[in-house]
Amino acid sequence: MMPQDLPPASFFETLVSNVRNFFRPPKKKRRMGTKTSDLLRETSMLDADAVLARLESNLDGLTEEEAEQRLERYGENRVARETRQSLIEQLLRLFINPLNIMLVVLAIINFAFLGDIKSGALVSAMVLTSVALSFVQETRSNVAAQKLRAMVGTTASVLRQEPEEESDDDDLKTPNLDVRQSLRQERPIEELVPGDILWLSAGDVIPADVRILSARDLFLNQSALTGESMPVEKFPASSSLASHNLLDFSNIAFMGSHVTSGTAKAVVITTGAQTYFGSLARTLLGKPAPTSFEIGIRRFTWLMIRFMLVMVPLVFLINGLTKHNWTEAFIFAMSVAVGLTPEMLPMLVTVNLSKGALALSRKKVIVKRLNSIQNFGAMDVLCTDKTGTLTQDKVIMKRHVDLLGRECDTVLRYGYLNSYYQSGLKNLLDVALLAHVDVREDLRIDDNAYTKIDEIPFDFVRRRMSVVVEDKTAKQHILICKGAVEEILNVCTRGEIEGSSFAMSAEHRVATLRLAQELNEDGFRVIAVAHKDTTLEQGTYGIKDESELTLLGFIAFLDPPKESAAPALAALANHGVSVKILTGDNDIVARRICKDVNLAIDGELLGNDLATMTDEELDERVERITLFSKLSPAQKARVIASLRRKGHVVGFLGDGINDGPALKAADVGISVDTAADIAKESAAIVLLEKSLMVLEEGVLEGRKIFGNLSKYIKMGASSNFGNMFSVIGASALLPFLPMLPIQVLTNNLLYDFSQTAIPTDHVDEEYLSKPRRWDIGHIARFMILLGPVSSVFDYLTFAVLYFGYGANTLAMAPLFQTAWFVESLLTQTMIIHIFRTNKIPFFQSRASWPLLITTGIICLIGAFLPFSSFADSLGFRPLPGTFWPVVAAILGLYLLTALIVKNWFIRRYGWN
């Protein structure tokens, strides 16, 4: 299903399900009879049959009925930190916050002490409305996010038994429960249960703690658990190891590791929180580090709290001392506190992020973690491998040459044997090599002529891999090694041309490297092929056997650049995103590709040179370097860490097994739907198309989200700062409250509703042209300089009412309060149209229709309330007709003045 085909989020279905689950008795999640560590040790020492008996399973897998029962018993295969909240937990979390507690206290005071039922009911309604609105938005967001994540979810290959269908009638089939067939299926890893039989192959994430039942050259990367980057081989044989370290067991594969090469059949021992990784998650994994987005929101919230801590006590004291009614002063101060609190911010954040995720899904970008969207927009450096982004990701084998540069079928034949018999994840070069030989009948290999003996898998330190086959005709073993030119040459002592072998001299090495360089300069990716004959007696092989090899020649591949690469890079540059290439390939090929796509290379750095540099030396040079070549996975992550230390927001696009460290190190980890499982698990964002043009769309969407949140924050901060001066001054000068507490609350409620359409608003093209980040200093300057503008016009309104309408006595208090309520609501609501853009509103930049309609409706409601049936309940009185031209003039002058001051602010401080 494509993103645009997604059905609408079924909120009510989810709500009903939550209610049903709430009233249903909780499931009892029983643990296994022994502790996890004891169970793993026990199963490691048993043979395969005993393990299956212990787990009440068999080699054909579980039945669906058995799997469902175990899923009910052990729960979903999730670590503890991923548990979902129940309905009551969600409601309590939304309800219990300082704002709601404050409102509840105010409601209780109105009900119990003042006997003001209407005010108490209004405050209670505000609490319920706030919680309900947040709950609806959050539930819709969660449902949508679950649907999106399901599109790129990780699966496991599992065996499940199903009844065979027998039929004596063409129209009627009945299942035969005594005759079962075992089917290999792809299932979400969350559905795995103890006893499930799994098939594992290169690139797979180990989805649970499993016991290896059979294996062929199985190597795992356990760096997530051990920190050791070298692959570890696993075997099916029972273990007699008495080690206290579970990770030492050679027949147990642990959740959190992944297969680098080989295949295996395994049985699930433990799942979810009962796994070794799950135990680490409970004890070691805290909350993830806050993103720059979360830090910015937190700083703004504390900025508002600091102002509230200053203003609320002042308002309380001034009104208590001047009016001598401390209860009324307290309630008014609490109401002012509510008005100063940006209570709509959490809802707007949720709506903005979920709206952005859905918009990105229509552009074939799937967001796994919502908070990563803003980092996507703030990204100013994109690091990527060249394969599949700058190039077509469709490799063609073009040449196979000996050490003199002549076409040589022997080189091709040995290269084919290596690719054919390797059990690791075949890369694009292997696929191209196998495809080339398959179409040439004269080079096809007789399967009966060779038997695979062993394999030495590829790793990103050696940059080569070997297979050992038995040549049944020659009755000998042949170790065939292929990989990066320099790494192969380092283990070769001899060369071979047309069947004649010779010792490799220094001159031969220079000539060999020059031939490889010439191929690279022609735009080819080059690998070297070498071999060594051994005796039949040797049964197992390791890295130490990759020595004293005989170099045969080179195989050259062409990976042409994409036609869209050059315009995509130009578009990213126009939006302030620089691209850096981090590749394991050699510098010559990478340089040629960069030239083909018009990517200017300001500087280069090789992995060997990077290895000798300190972090300080790398930090000094990293910004000036465009091309990093021949990098290991750890070095890619180190480059990204250096860029982040220099203050950049860094994205990394990767899809291979080797990209996991870099994806985790980046601010925004980006992968593709066709990537290895480990890459998709590490990424926050998954692309359904591996294209830089798609990335540009994601960057712009992230900036739109930040832009719309910034509008609310600037407007709320400046309005609250201005209100502080207005309320304090009015409280000190007037013999009555400038606005009744219930009027403050009503004003705040209407104003909040007027802002709910901000997530739908347009963002100016100029704003999207460069990365945007949280700058609390910029917000503070905006608040201090533009906030008092509203106070000037509040005091103008006070003067008109005080002197022009005689609203300076207790008897005239309702007129003053009603008039300021209307003026305050109109100015606060309409100012969004000034602050939402750095252009002239309505003429050069118009708000979205939902925002226009919402602000218009709220203004009309505010003007209507003094004449409505609610007027008495809210303490309003009808306003004289002569006041409306006055308030219209004040509103117009305020908007014009705010526009002038805003334009001056932009010229002086810029617009963020």
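E548 counts as exposed, at 59% relative accessibility (buried means under 20% relative accessible area, exposed over 50%, and partly exposed in between, with a 1.4 Å probe and protein chains only). The model is predicted, so that local features need pLDDT of at least 70 and side-chain atom pairs count only at pLDDT 80 or more, while totals for chains, interfaces and linings use all residues. Residues are numbered from 1 along each chain as its sequence is written, and side-chain values use heavy atoms, with hydrogens and water left out.

E548 is placed in the loop between strand 17 (524-534) and strand 18 (549-558); helices (H or I, at least four residues) and strands (E, at least two) are DSSP runs, numbered from the N terminus. Although E548 is not a glycine, its phi is positive, at about 50°. Most residues other than glycine have a negative phi. A positive phi, near 60°, is also found at H324, again a residue other than glycine. H324 lies in the loop between helix 10 (292-323) and helix 11 (326-340), and at 66% relative accessibility H324 counts as exposed.

The secondary structure of the chain comes to 32 helices and 24 strands. Of its 912 residues, 54% count as buried. Contacts, defined by heavy atoms within 4.5 Å, were considered between residues at least 6 apart in sequence, and 75% of these join residues at least 24 apart. A search of the whole structure finds zero disulfides, a disulfide being a pair of cysteine sulfur atoms within 2.5 Å. Among the buried residues are C594, at 1% relative accessibility, and C859, with a relative accessible area of 10%.

In an α-helix, with 3.6 residues a turn, residues three or four places apart point the same way. In helix 2 (residues 36-45), the buried residues include T36, L39, L40, T43 and S44. These residues lie on the same side of helix 2 because they cover an arc of only 130° around the axis, where the arc is that of the directions from the helix axis to the C-beta atoms. In helix 18 (residues 565-574), burial is found at A565, A568, L569, A571 and L572. The exposed residues A573 and N574 are carried on the face of helix 18 turned away from its buried side. Helix 18 is followed by G576, which has a positive phi near 80°.

Helix 25 (residues 692-733) contains N723. N723 counts as buried, at 16% relative accessibility. Leaving aside residues up to four places away in sequence, N723 touches M311, S791, D794 and Q828. Y712 is also found in helix 25 and is buried, with a relative accessible area of 4%. Between Y712 and T756, which are 44 residues apart in sequence, the C-alpha to C-alpha distance is 9.8 Å.

Two packed helices are described by the angle between their axes and the distance between the axes. For helix 28 (residues 813-830) and helix 32 (residues 883-909), the axes come within 10 Å and cross at roughly 35°. Axes are lines fitted to C-alpha atoms, for helices over the stretch in contact, and angles run from 0 to 180 degrees between N-to-C directions. On the helix 28 side the contact is made by A819, V822, E823, L826, T827 and M830, which meet F883, W884, V887, I890, L891, Y894 and L895 in helix 32. By class, this contact has 11 nonpolar, one polar and one charged residues; Ala, Val, Leu, Ile, Met, Phe, Trp, Tyr, Cys and Pro count as nonpolar, Asp, Glu, Lys and Arg as charged, and the others, Gly among them, as polar.

W884 is also one of the residues touched by F867, together with P878 and L879, not counting residues up to four places away in sequence. F867 lies in the loop between helix 30 (849-864) and helix 31 (871-874). At 44% relative accessibility, F867 counts as partly exposed. The C-alpha atoms of F867 and P878 are separated by 5.4 Å, with the two residues 11 apart along the chain.
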